[in-house]
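Grab a pencil and open the viewer: here are some exercises, each with a worked solution. Try each task before reading on.

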Amino acid sequence: MNERDHSAVNSAAKEPATVSFADAARLLGLDTFTFYSIVQRDEIPFDFAFTGEFVISQADLDKLARKESPC
Amino acid sequence: MLKRNGEFVRHEVPGYPARFTDAELASYNAAFAIIERDYKQIENVKSQLDRLAKSNWEMETNPRPFDTVSTRDGTQWKAYGILVNLPKSDVLLCRKPEGGEWAVIQQLKTNGAYAETHGKAAVLLTGNDPREVSNEYIGQAEHTLRFMARNLTAKAQEVVWEKYPDSNPSRVMRAISERCALAVDNPNALQQRQEQSIDQGIKKSRGMSI
């Protein structure tokens with residue numbers, strides 16, 4: 001593996017995994033509208049993708065599913 | 001017929017007054033297909049909220065509950081009405097048997113990961129007057145719908161700008177943004193514009209001038 005390949009792998013490893021709201025709702029077994037209302041009740045923080053779309057970090061989603069407070 | 005970039009401008013889309021070329025319509029349709037499922041949920045919830053807002057709230061003297069809901073703290077609530085019905089959950093108007101406190105309660109119908117760890121019922125709002133708690137819920141739910149509409153617009157943007165950069169993306173995005181916003185804030189205007197465009201299409205097909 002050359003230096004450039006190493007850099008790409010390291011960069012990808014640093015990038016936190018995120019999921020869309022629609023996927024988060026599906027993974028939690030919720031209607032999309034219900035998931036948005038949960039986010040608005042501050043049960044889970046959200047971020048923006050570079051496109052402006054709202055996303056949830058995989059780590060926070062896992063915490064919510066385990067009932068640890070991600071906020 | 002008008003032309004733009006050498007293409008006829010002939011396609012109408014819901015909620016947008018201007019017409020699209022074939023290329024713009026292809027971009028619009030591709031982006032809308034990505035958000036359509038969630039967009040329909042916005043329309044569905046909004047129509048239920050509008051119906052709820054127009055209800056006359058003539059309470060019976062002795063209203064009968066149709067269900068009992070238990071929250072995680074063990075409180076039992078009697079359900080008197082369904083405010084919003086969704087595939088995986090209901091939002092219920094409930095009352096405590098003792099004390100007469102009213103609440104808006106979200107009840108999940110399925111056993112997903114969230115229901116397993118957080119319980120199937122959650123109190124969203126409480127108050128002494130059923131109309132007041134319901135109206136407060138309508139306001140909160142409309143805020144959630146605006147949040148959804150904003151995200152759907154952002155999601156559509158990715159398709160429009162990345163896959164159709166040469167098909168007037170800013171114009172296509174204005175149409176999608178307008179449609180999402182109208183679905184929440186003025187669905188009647190969206191409906192009227194659709195009916196007008198169908199009406200105009202019929203008149204044109206009959207060779208009538210407008």
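**Exercise 1.** Which strands of chain A does helix 4 (residues 58–66) lie across, and at about what angle does helix 4 run to strand 3 of chain A?

*Solution.* First, some ground rules. This is a predicted model, where local features need pLDDT of at least 70 and side-chain atom pairs count only at pLDDT 80 or more, while totals for chains, interfaces and linings use all residues. Residues are numbered from 1 along each chain as its sequence is written, and chains are lettered from A and ligands numbered from 1 in the order in which they are written.

Step 1: find the elements. Helices (H or I, at least four residues) and strands (E, at least two) are DSSP runs, numbered from the N terminus.

Step 2: look at what sits under helix 4 of chain A. That helix lies across strand 1 and strand 3 of chain A.

Step 3: read the angle. Helix 4 of chain A runs at about 65° to strand 3 of chain A. Axes are lines fitted to C-alpha atoms, for helices over the stretch in contact, and angles run from 0 to 180 degrees between N-to-C directions.

**Exercise 2.** Work out the strand order of the sheet in chain A and name its edge strands.

*Solution.* The strands form an open sheet with order 1-3-2 and antiparallel pairing. Two strands pair if DSSP finds at least two bridges between them.

Next, the edges: strand 1 (18–20) and strand 2 (47–48) of chain A each pair on one side only.

Then zoom in on one pairing. Strand 1 and strand 3 (residues 54–57) of chain A share 3 bridges in the antiparallel sense, and Val19(A) has Ile56(A) as its bridge partner in strand 3 of chain A.

**Exercise 3.** Decide how helix 2 (residues 21–28) and helix 3 (residues 32–40) of chain A pack, and list the residues making the contact.

*Solution.* The two helices pack at an angle of about 105°, with their axes 9 Å apart. That makes helix 2 of chain A roughly perpendicular to helix 3 of chain A; the cut-offs are under 35 degrees for roughly parallel, over 145 for roughly antiparallel, 65 to 115 for roughly perpendicular, and oblique for the rest.

Now the residues. Helix 2 of chain A brings Phe21(A), Ala22(A), Ala24(A), Ala25(A) and Leu28(A), and helix 3 of chain A brings Thr32(A), Phe35(A) and Tyr36(A). Two residues are in contact if their C-beta atoms, placed from the backbone, lie within 7 Å.

Last, sort by class: 7 nonpolar, 1 polar and no charged residues. Here Ala, Val, Leu, Ile, Met, Phe, Trp, Tyr, Cys and Pro count as nonpolar, Asp, Glu, Lys and Arg as charged, and the others, Gly among them, as polar.

**Exercise 4.** Describe the domains of chain B and how they touch.

*Solution.* Chain B splits into domain 1 (3–47 + 144–198) and domain 2 (63–142), with bounds from an automatic or database domain assignment. Their C-alpha centres lie 34 Å apart. Count the contacts: 5 residues of domain 1 of chain B meet 4 residues of domain 2 of chain B. Helix 3 (residues 130–163) of chain B gives the most to the domain 1 side, with 3 residues.

Follow that helix to Pro130(B), which lies in it. Pro130(B) is buried, with 20 other C-beta atoms within 10 Å; buried takes 20 or more, exposed 12 or fewer, and partly exposed falls in between, with C-beta atoms placed from the backbone. Setting aside residues up to four places away in sequence, Pro130(B) touches Leu93(B) and Trp102(B).

**Exercise 5.** Find how helix 1 (22–54) of chain B runs relative to helix 3 of chain B, and which element leads the side facing chain A.

*Solution.* The axes of these two helices come within 9 Å and cross at roughly 175°, so helix 1 of chain B is roughly antiparallel to helix 3 of chain B.

For the interface, 24 residues of chain B are in contact with 20 residues of chain A. Helix 3 of chain B gives the most to the chain B side, with 9 residues. By class, that side divides into 9 nonpolar, 11 polar and 4 charged residues.
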